[in-house]
Amino acid sequence: MSETFADLVACEDVLMFVNAAITSTGQREFHHGSGEQRLSLEFLHEYMLENYRDMYAAVLALDVNDHNAAIMIRNLLVRAGDVGVERRREEGRLIARRLERMPPQRVYRLFRDLRRLGVNNRRTRAVIRDWMAGRRDPAFDSVKYRTAVKDAVRHAHLRLHGEQPSFLFAPSGVKAFQTPLYEQWRRAHYEQAAIYELPYTVAEGFAAKHKIPREVFLERIQHRMTRLERLRMQESAREAKVEAVRADLGEMPLTRLASYVLALPLDDRARRRAELTLALRTAARRVAGAARGSWGRVTAVLDDSYSTLGSGEKRRRPLAVALAAHYLLEALAKEYTPLWTSGRTDELLVYPSGPTPLGHRIIDALETGPERLLIVSDGWDNAPPGLAADVLRVWRTRLDPGHRRAPGQRVMIVHLNPVYDADGFDVRRLAPGVPTAGVRDAEDLPTLVEFARFAEGRVGLPKLRAHLSDRTARFLGEPA
């Protein structure tokens, strides 16, 4: 009996950590400050590392955010001596694979953190060496992340080849580089034309040094921008009357695109309705892929209450997840009914306002007779408080006990929460009988709905371990 109880506790602990690792970035949220977020998150990492190290490492194979992935990698490297050779080898493969998927600036920040902590064991040096050796364009990294590359080279005692040592450590002693990008960087110190062959972020510094007018700089550098840089700069370029900086919105990641749309004034959204709606639906269909139209009758309760404003660091992030989820569910469902907590029906013009009447909206949703009911909300049900929990409890215990499979009776209910609750060390739940999973990007919604079944308590620790093993095998086997 004690073993069963221990397994139940372990399963709950792992699920709690996964939710935190998906949603929290240690930044301020609407209800909690950044200090509370960081303290709560640090405790969870230490707790998991100490008690469930094998599953802690396996979580790297899940859709956790890069902030937590970096902390996990750091912790595993700091405590490398606590496990045997075989375990270290398995962790090393997970670390290497995860680093391949992370943005380079995040990886270099991790390396600098390891240097600050004085973590310089053989395993850490090997991780840094192998990741840097696998970079497709070392010259590009040396120019764009010059200081970070220098720090990593010093810390891991790496051997450099060609002109890289001279560029990083003694560029003033070179009259001309043979590597084109290095030479453009050298010439950019005194020649404006060379600036426009450099990465955008590097060129921006040189443009300020040469006092180049903003509109001129944006017009000439746009060909060097990444797609996300184009998205970020598109509106400021419009203000500067530079029409050349245009992002292809249909190619943007769905949640990032939703954030961009919500940052626009309502009048702009209304004026560009056709363009923005097409882009959002295109991105959603790309995510849905072969699963388009396969989810049957779906109803979504989507939170656009005032708390979805987020914080200054995560502006409108919860609402962006809800908006992106709306378009993705529209693509996945055969029949789809969206219900916003505000009662609005024009999703393109949603904005954070009002209380969170989740209970009323859940009643409305159940009346539509869905096969799947998805709730995307931070879980702060307050109009009236606790109604959502009562509705879901009655539904599960009286109207749909045992999740009966008879036609018209069974409803799969999942709560996806984009906000980490620092006080509870988890995302806020609506009711014990309803599975809740953390969500950061709506693109992960199909996977999270599958994973949420573990949160119901109907699937035990052995099956959770099997699921993590399967995800790890797929994670290590799939291409970068």
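**Figure 1. Helix α18 and the glycine that follows it.** Gly 289 comes directly after α18 and has a positive phi, near 55 degrees. The model is predicted: local features need pLDDT of at least 70, side-chain atom pairs count only at pLDDT 80 or more, and totals for chains, interfaces and linings use all residues. Residues are numbered from 1 along each chain as its sequence is written, and side-chain values use heavy atoms, with hydrogens and water left out. Helices (H or I, at least four residues) and strands (E, at least two) are DSSP runs, numbered from the N terminus. Helix α18 (residues 273-288) has 16 residues and reaches 22 Å from its first C-alpha to its last, close to the 22 Å expected at 1.5 Å a residue; the expected span is 1.5 Å times one less than the number of residues.

Figure 2. Residues are classed by relative accessible area: buried under 20%, exposed over 50%, partly exposed in between (1.4 Å probe, protein chains only). In α18 the buried residues are Leu 276, Thr 277, Ala 279, Leu 280, Ala 283, Ala 284 and Ala 288. They cover an arc of only 165 degrees around the axis, so they sit on the same side of α18; the arc is that of the directions from the helix axis to the C-beta atoms. Ala 274 and Leu 278 are exposed residues on the face turned away from the buried side. The cover over the buried residues of α18 includes α16 (254-263), α17 (266-271) and α19, where contact means heavy atoms within 4.5 Å.

**Figure 3. Nonpolar cores.** A nonpolar core is a set of buried Ala, Val, Leu, Ile, Met, Phe, Trp, Tyr and Cys residues joined through side-chain atoms within 4.5 Å. The largest has 134 residues, and Phe 111, Met 132, Phe 217 and Leu 445 have the most contacts inside it. Helix α19 gives the largest share of this core, 12 residues. A second, separate core of 17 residues includes Leu 339, Ala 365, Ile 375 and Ile 413. Apart from its neighbours within four places in sequence, Phe 217 is in contact with Ile 195, Tyr 196, Tyr 200, Ala 203, Glu 204, Ala 207 and Ile 212.

**Figure 4. Aromatic pairs.** Rings of Phe, Tyr and Trp (its six-membered ring) pair if their centres lie within 6.5 Å; planes under 30 degrees apart count as stacked, over 60 as edge-to-face and the rest as tilted. The structure holds 13 aromatic pairs. One of them joins Tyr 108 and Phe 111 edge-to-face, at 6.3 Å centre to centre and 85 degrees between the planes. Both residues lie in helix α6 (residues 104-117), 3 residues apart, about one turn of the helix. Tyr 108 is buried at 2% relative accessibility, and Phe 111 is buried at 3%. The pair of Phe 177 and Tyr 182 is also edge-to-face, because the ring centres are 5.7 Å apart and the planes stand at 70 degrees. Ring pairs link Tyr 108, Phe 111, Trp 131 and Tyr 145 into a cluster.

**Figure 5. Salt bridges between parts separated in sequence.** A salt bridge is a side-chain nitrogen of Lys or Arg within 4 Å of a carboxyl oxygen of Asp or Glu. The count by this rule is 35. Glu 371 and Arg 297 form one, at 3.7 Å from N to O. Glu 371 lies in the loop between α20 (358-366) and β3 (372-376) and Arg 297 in strand β1 (residues 297-302), so this pair ties together parts that are 74 residues apart in sequence. Asp 304 and Arg 344 form another, with the closest N and O atoms 2.8 Å apart. Asp 304 is buried, at 0% relative accessibility. In the salt bridge of Asp 441 with Arg 317 the closest N and O atoms are 2.5 Å apart. Because Asp 441 lies in the loop between β7 (436-438) and α22 (445-451) and Arg 317 in helix α19, the pair ties together parts that are 124 residues apart in sequence. Asp 441 is partly exposed at 27% relative accessibility, whereas Arg 317 is buried at 16%.

**Figure 6. Backbone exceptions.** Most residues other than glycine have a negative phi, and most peptide bonds are trans. The peptide bond from Ala 383 to Pro 384 is cis, with omega near -5 degrees, and Pro 384 is in the loop between β3 and α21 (387-399). His 157, not a glycine, has a positive phi of about 55 degrees. His 157 is exposed, at 56% relative accessibility.
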